[in-house]
Amino acid sequence: MIKNLIRPFQEVLLERKLCVGCTNPLDQAKKMGNLSDNRFIVQCRCKRRYVFDKEIGLFQRASLAEEQQILREIAKRK
Ligand SMILES: [Zn+2]
């Protein structure tokens, strides 16, 4: 029952481009880098990471693989 309520609520927040943890606007989150031409990853002030997909125009929670990919690229830049 509770799961059924929480999941759509998180989706509504993401549709509004708000962090599901702290509801901070993801438009203002710090951009970490590009995963591909159409996708980039941002980090909210609460450290949650999201991927923005330009084709669908939506933020989604970043997967572990996506987080690792971007962290490797940041490490290479240094
Ligand atoms: Zn947040």
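Q: Which atoms count as donors of a metal, and which residues coordinate the zinc ion?
A: Donors are N, O and S atoms within 2.8 Å of the metal (3.2 Å for Na, K and Ca), and sites may look incomplete because water is not among the atoms. Here the zinc ion is held by the SG atoms of C19, C22, C44 and C46, at 2.2 to 2.3 Å. This is a predicted model, in which local features need pLDDT of at least 70 and side-chain atom pairs count only at pLDDT 80 or more, whereas totals for chains, interfaces and linings use all residues. Residues are numbered from 1 along each chain as its sequence is written, and side-chain values use heavy atoms, with hydrogens and water left out.

Q: Why is the arrangement around the zinc ion called tetrahedral?
A: Four donors count as tetrahedral if all angles lie between 85 and 135 degrees; four count as square planar and six as octahedral if opposite donors are over 155 degrees apart and all others between 65 and 115, and anything else is irregular. The arrangement around this zinc ion is tetrahedral because its four donor atoms subtend angles of 98 to 116 degrees.

Q: What spacing do the donors follow along the chain, and where do C22 and C44 lie?
A: The spacing of the donors is C-x2-C-x21-C-x1-C. Helices (H or I, at least four residues) and strands (E, at least two) are DSSP runs, numbered from the N terminus. C22 lies in the loop between α1 (2-15) and β1 (30-36), while C44 lies in the loop between β2 (39-43) and β3 (49-53), so that this pair, 22 residues apart, links distant parts of the chain.

Q: Is C44 buried or exposed, and how does C22 count?
A: Relative accessible area decides: buried is under 20%, exposed over 50% and partly exposed in between (1.4 Å probe, protein chains only). C44 counts as buried because its relative accessibility is 3%, whereas C22, at 24%, counts as partly exposed. R72, which lies in helix α2 (residues 64-77), counts as exposed at 53% relative accessibility.

Q: Which residues belong to the largest nonpolar core?
A: A nonpolar core is a set of buried Ala, Val, Leu, Ile, Met, Phe, Trp, Tyr and Cys residues joined through side-chain atoms within 4.5 Å. The largest one here has 12 residues, including L13, L14, F40, V42, F52 and F59, together with C19 and C44. The elements that give two or more residues to this core are α1, β2 and β3. A second, separate core has seven residues, among them M32, V51, I70 and I74.

Q: Where is E66 placed, and which residues is E66 in contact with?
A: Contact means heavy atoms within 4.5 Å. E66 is in helix α2 and counts as buried because its relative accessible area is 15%. Apart from its neighbours within four places in sequence, E66 contacts L35, R39, I41, V51 and R61.
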